[in-house]
Amino acid sequence: MIKIYTAVVNRPEFIQPQVQTFKKFLQNDFEFTVLDDSVDKEMTEKIKKVCTESRVHYHKIPREIQKLSRPHPGLFIGSYACAAGLQWAYDTIFQKGREKILWLDSDMFLYDFLNVEEYLENCALSGLPQQREQVKYFWNGLLFFNMKHLQGISIDFFPQPVEGVETDVGGGFYYFFKNYPHLPVKPIIHTGWLSKDTLKHLPVWGRADYNLEFNIELLMDKFLHYGSGTNW
């Protein structure tokens, strides 16, 4: 069984469409868990309600973890919020078993068939490559973990300076690649944000109504990422 996780801070209405796309296109039995990263009580109740209605597992990210993105009153660091939830999930949930795990943004939707078991065969990790100067790492928005290969291996997901270069979420993957070169990884291909020149990558039925402000990108020719969906 494939374990799927996403962290939701707003837009709980995306949960049900995600479930529907998994049911239609994922060629594996799966268990979907929403990690509630909201600090607003009203939003938390909405997320809980949608999870119950959609028969999705619900877990609240601990308040002490959320505080990592709010080091001072009135200060919020979005990249730390993204990293903190993923770090907590990897350290406390993913490490408990040997499952194959799909981690994705809450505004990411599957639109073509995918077999995660086959995709992760003989592979420890898959992600979208990022590079700042000489530093290479994986983006946090879509990640595949094969925990059979990763048990006991630490990964630092927080943005950090690496060899004097500032990185975003996932910057610590640089050290993972450096320390575990023997572990097989797969890079994910993507279109980047769709423009007038790259709109041809979008399915024909979606082109007429597409607005560039949607900031949509396609990954693996299987996932649609609605970049403006969570109002980041």
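**Exercise 1. Find how many aromatic pairs the structure holds, then classify the pair of tyrosine 5 and phenylalanine 94.**

Solution. The structure holds 22 aromatic pairs. A pair here means rings of Phe, Tyr or Trp (its six-membered ring) with centres within 6.5 Å; planes under 30 degrees apart are stacked, over 60 edge-to-face, and the rest tilted. For tyrosine 5 and phenylalanine 94, the centres are 5.0 Å apart and the planes at 45°, so call this pair tilted.

Tyrosine 5 is in strand E1 (residues 2-8), and phenylalanine 94 is in the loop between helix H4 (78-92) and strand E4 (100-104), so the pair ties together parts 89 residues apart in sequence. Helices (H or I, at least four residues) and strands (E, at least two) are DSSP runs, numbered from the N terminus.

A quick word on the model: it's predicted, so local features need pLDDT of at least 70, side-chain atom pairs count only at pLDDT 80 or more, and totals for chains, interfaces and linings use all residues. Residues are numbered from 1 along each chain as its sequence is written, and side-chain values use heavy atoms, leaving out hydrogens and water.

**Exercise 2. Decide whether tyrosine 5 and phenylalanine 94 are buried or exposed.**

Solution. Buried means under 20% relative accessible area, exposed over 50%, partly exposed in between (1.4 Å probe, protein chains only). Tyrosine 5 has 6%, so it's buried. Phenylalanine 94 has 0%, so that one's buried too.

**Exercise 3. Classify the pair of phenylalanine 25 and phenylalanine 113.**

Solution. Their centres are 5.2 Å apart and their planes at 70°, so the pair is edge-to-face. Phenylalanine 25 is buried at 13%, while phenylalanine 113 is partly exposed at 41%.
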